[in-house]
Amino acid sequence: MKINDAKYLISSTDVNSCPAPDKPEYAFIGRSNVGKSSLINMITGRKKLAKISSTPGKTITINHFVINDQWYLVDLPGYGFAKRSKTERLKWQKMIRNYILGRPNMLTLFLLIDIRIEPQQIDLEFIDWLGISNIPFAIAFTKADKLKINQVANNLNNYKKKLSENWDELPTMMITSASTDIGKDEVLNFIEKTNKVFLPV
Ligand SMILES: Nc1nc2c(ncn2[C@@H]2O[C@H](COP(=O)(O)OP(=O)(O)OP(=O)(O)O)[C@@H](O)[C@H]2O)c(=O)[nH]1
Ligand SMILES: [Mg+2]
């Protein structure tokens, strides 16, 4: 799929103030600093569309972008940011969970995981919650440029093994890098294919 147009639309703090669910939607979630905003910029080919930062906790709202006037891309705040107070973390968790459960047009949630690190409890628990909640999701591993190709394959295999302990069927998994464009076509082809199953609500 070619991206002809990518526009920032709106930032919301509540699912109820998000745009009408009239287009297929894809949201990016994952731990703070995993590379959600960077991956949005990479797949759209617009370096400054979503705000990125080397300091975790940059994205704090639900940010909608509209692509080719046809589908929504959503940048979400990260979870697991230790420097936030407990009350703040709970507030955000509620905002994110209400968003995920409250968007009938969200066809796939992309869960981003840093390919360099061992499976983390916080991500595994989140995956379990997605399963229980019946949310369609895919895993996009990020920062693949930071490892050698055999290490990427090794870590991917470890992740599959870990998930197989709890799941009979594994989700779609993609390897990406915002710095080298690895995975760009795979993500866009996946979205193009998924867009076709959208039934307007
Ligand atoms: N080498 C490399 N660095 C990356 C990649 N993706 C993101 N980064 C860097 O990781 C840092 C965090 O990137 P963001 O895109 O802001 O991460 P985020 O998940 O949106 O973070 P929050 O909004 O704070 O939750 C930045 O310094 C990026 O340049 C990647 O694929 N490769
Ligand atoms: Mg961000």
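## Basis of the model

Residues are numbered from 1 along each chain as its sequence is written, and chains are lettered from A and ligands numbered from 1 in the order in which they are written. In this predicted model, local features need pLDDT of at least 70, side-chain atom pairs count only at pLDDT 80 or more, and totals for chains, interfaces and linings use all residues, while side-chain values use heavy atoms, with hydrogens and water left out.

## Ligand 1 and its shell

There are 22 residues around ligand 1. A residue is near a molecule if one of its heavy atoms lies within 4 Å of it. K36, S38, G57, D145 and A178 come nearest. By class, the shell holds four nonpolar, 12 polar and six charged residues. Here Ala, Val, Leu, Ile, Met, Phe, Trp, Tyr, Cys and Pro count as nonpolar, and Asp, Glu, Lys and Arg as charged; the others, Gly among them, are polar.

A polar backbone atom of G35 lies 2.9 Å from an oxygen atom of ligand 1. For G78, a backbone N or O atom is 3.4 Å from a ligand oxygen. S179 uses its side chain: an N or O atom there is 2.9 Å from a nitrogen atom of ligand 1. On its own, ligand 1 has 650 Å² of accessible area, and the protein covers 87% of that. Accessible areas come from the Shrake-Rupley method with a 1.4 Å probe; for residues, only the protein chains shown count as cover.

## Helix α1

Helices (H or I, at least four residues) and strands (E, at least two) are DSSP runs, numbered from the N terminus. Helix α1 spans residues 36–44, and eight of its nine residues are buried, so the rest of the structure largely encloses it. Buried means under 20% relative accessible area, exposed over 50%, and partly exposed in between. The buried set is K36, S37, L39, I40, N41, M42, I43 and T44. G45 follows α1 and has a positive phi, near 70°.

## Helix α5

Helix α5 has 12 residues, 184–195. From first C-alpha to last it reaches 17 Å, close to the 16 Å expected at 1.5 Å a residue. That expected span is 1.5 Å times one less than the number of residues. V187, L188, F190, I191, T194 and N195 are buried. They cover an arc of only 155° around the axis, so they sit on the same side of α5. The arc is that of the directions from the helix axis to the C-beta atoms. The face turned away from this buried side carries exposed D185 and K193.

## Loop residues

N105 sits in the loop between α2 (86–101) and β5 (106–114). N105 is buried, at 0% relative accessible area. A polar atom of its side chain is 2.9 Å from the backbone oxygen of K23. K83 lies in the loop between β4 (71–75) and α2. K83 is exposed, at 76%.

Most residues other than glycine have a negative phi. N68, in the loop between β3 (62–67) and β4, has a positive phi of about 50°. N134 has a positive phi of about 60°. N134 lies between α3 (121–132) and β6 (137–142) and is exposed at 68% relative accessibility.

Methods: A polar contact is a pair of N or O atoms within 3.5 Å; within protein, one must be able to donate a hydrogen and the other to accept it, and residues adjacent in sequence count only if both atoms are side-chain atoms. Buried means under 20% relative accessible area, exposed over 50%, partly exposed in between (1.4 Å probe, protein chains only).
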